[in-house]
Amino acid sequence: MQEKENIQRLEELVTRFITLVSKRLPDDVSGKLSELQSRETNPMAQAIYQTMFDNIELALALDRPVCQDTGVLQFFLRAGTGFPYLGAMETVLRNAVRDATVQAPLRHNAVETFDEFNTGDNTGRRVPWVDWEVVPGDSGLSMDVYMAGGGCTLPGTAKVLMPSAGYEGIVDYVLDAIVSYGVNACPPLLVGVGIATSVDTAAVLSKKALMRKIGSRNPNAKAAKLEALLTDGINRLGIGPQGLSGDSSVMGVHVEHAARHPSAIGVAINVGCWAHRRGSIRFAKDLSYEILTHKGVAL
Ligand code: SF4
């Protein structure tokens with residue numbers, strides 16, 4: 001009985017957390033937008049940033065999502081083997097997405113592939129998408145919630161480069177993708193780059209790169225240098241906020257990597273928009289929680 005009540009409580013907390021993430025940008029994103037605005041010299045770009053901050057304030061004041069496109073929900077779990085509700089989590093997340101779709105409300109964004117109908121509740125085959133990492137010996141569960149709209153999903157791309165392409169090939173590939181499609185994603189962008197062997201492994205890493213706190217650096221010094229160089233290079237393109245030109249085009253570039261086959265360089269790109277709605281929360285096994293991305297907020 002107690003377990004059933006606890007699972008219900010967990011479902012309610014996740015519902016409220018999804019709703020929060022849809023309406024309030026995480027602290028690091030708001031902070032970065034503010035920083036970019038303060039050093040922007042282009043008057044048009046300044047006006048766009050001001051519109052973004054008006055949007056952020058109005059979303060809170062009117063209790064509405066910060067962007068109408070609330071995306072397809074993805075969850076990235078780092079699950080302790082001692083967390084008591086592991087077996088219930090997929091159902092908890094699915095029910096929470098359904099409830100948040102009504103409570104927030106969220107736009108209906110899940111269309112069944114081939115059958116071509118909108119499920120109307122943001123769930124469907126393999127949606128919400130759930131990525132699991134198991135943490136041995138931990139009794140808690142950490143979770144990133146992410147909602148990416150269609151526009152910021154569009155620049156996503158992956159390819160396996162010949163090893164002779166080298167790191168220059170990665171830079172070319174990233175810059176080409178951002179030049180071609182970055183403007184679709186409502187800049188300033190957060191660019192996630194995954195480097196591994198195959199397109200699938202690189203793609204997962206590129207999405208996980210978007211879960212990192214803005215301003216964090218890859219612990220590998222060479223990867224961190226690549227992040228800095230790509231940030232500088234994309235900013236120099238002059239895309240600016242909403243693609244209307246400006247001093248900054250990105251909030252950051254994050255690179256995540258894995259060891260790779262010597263004959264292949266898998267590279268993938270995922271992009272977040274200015275309304276980068278991700279939230280990170282950690283549950284203890286007694287269901288007390290800590291929200292890591294939105295300080296001072298209680299569910
Ligand atoms: S790219 Fe982001 S801000 Fe632009 S419409 Fe899509 S979700 Fe909204």
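In what order do the 5 strands of the open sheet run? Here are a few friendly notes on that and on the ligand site.

1. A word on the model: it is predicted, with local features needing pLDDT of at least 70 and side-chain atom pairs counting only at pLDDT 80 or more, while totals for chains, interfaces and linings use all residues. Residues are numbered from 1 along each chain as its sequence is written, and side-chain values use heavy atoms, with hydrogens and water left out.

2. The strand order is S2-S1-S3-S8-S9, with mixed pairing. Strands S2 (129-135) and S9 (289-291) form the edges, each pairing on one side only. Here strands are DSSP runs of E, at least two residues, numbered from the N terminus, and two of them pair if DSSP finds at least two bridges between them.

3. Strands S1 (residues 72-80) and S3 (residues 141-148) run antiparallel and are joined by 8 bridges. Phe75 stands opposite Val145 in S3.

4. Around the ligand (a heavy atom within 4 Å) you will find residues including Cys67, Cys152, Cys186, Cys273 and Trp274. At least three residues of this shell come from each of domain 1 (2-24 + 66-149 + 277-291) and domain 2 (151-272); the bounds come from an automatic or database domain assignment.

5. The structure holds 0 disulfides, a disulfide being a pair of cysteine sulfur atoms within 2.5 Å.

Conventions. Helix = DSSP H or I, 4+ residues; strand = E, 2+ residues; numbered from the N terminus.
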